[in-house]
Amino acid sequence: MIVLRAAVPNPPPAAPPGLDELAGELLGWLKWGVIVAGVLGIFICALMLIIGRRNRSATAYEGLVGSAWVIGGLALASVAALLVGAFQI
């Protein structure tokens, strides 16, 4: 009995015709949005820390925890392409 094995095709990713430019533009807009949201988030958390310094410790705590979440979100956004690339076969 002879068993023939064929190689499974594994083509590289390719954008549909005409969509590569649109995809790049959308990704650029999303990156810009993440940067704006990150700056606003850091400013808001800093303001909460400043306001909560005296007699409003819950506000200061929320600002501190919020800043950790903002920094975490920015870190995740900055390595998004690497993470997606790591799971590519």
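How do the residues of the lining of the largest pocket divide into nonpolar, polar and charged? The last view gives the reply.

This is a predicted model, in which local features need pLDDT of at least 70 and side-chain atom pairs count only at pLDDT 80 or more, while totals for chains, interfaces and linings use all residues. Residues are numbered from 1 along each chain as its sequence is written, and side-chain values use heavy atoms, with hydrogens and water left out.

**View 1. Helices H1 and H2 pack together.** Here you meet H1 (residues 19–51) and H2 (residues 57–78), with axes 8 Å apart and an angle of about 160°. That makes H1 roughly antiparallel to H2 (the word is for angles over 145 degrees). Helices are DSSP runs of H or I with at least four residues.

**View 2. Residues of H1 meet residues of H2.** Look on H1 for Val34, Gly38, Ile42 and Leu49, among others, and on H2 for partners including Ala60, Leu64, Val70 and Leu74; contact means heavy atoms within 4.5 Å. The residues of this contact divide into 11 nonpolar, 6 polar and 1 charged. Gly counts as polar here.

**View 3. The largest pocket has a volume of about 240 Å³.** That volume is the space filled by probe spheres set on the grid points. Leu27, Leu30, Lys31, Val34, Ile35, Ala77, Ser78, Ala80 and Ala81 line the pocket. H1 gives the largest share of the lining, 5 residues. And the promised reply: the lining divides into 7 nonpolar, 1 polar and 1 charged.

Terms used
Axes fitted to C-alpha atoms, helices over the stretch in contact; angles between N-to-C directions. Helix = DSSP H or I, 4+ residues; strand = E, 2+ residues; numbered from the N terminus. Parallel < 35°, antiparallel > 145°, perpendicular 65-115°, else oblique. 1 Å grid on protein atoms, 1.4 Å probe; cavity = no way out; pocket = protein on both sides within 12 Å on 5 of 7 lines; lining within 4 Å.
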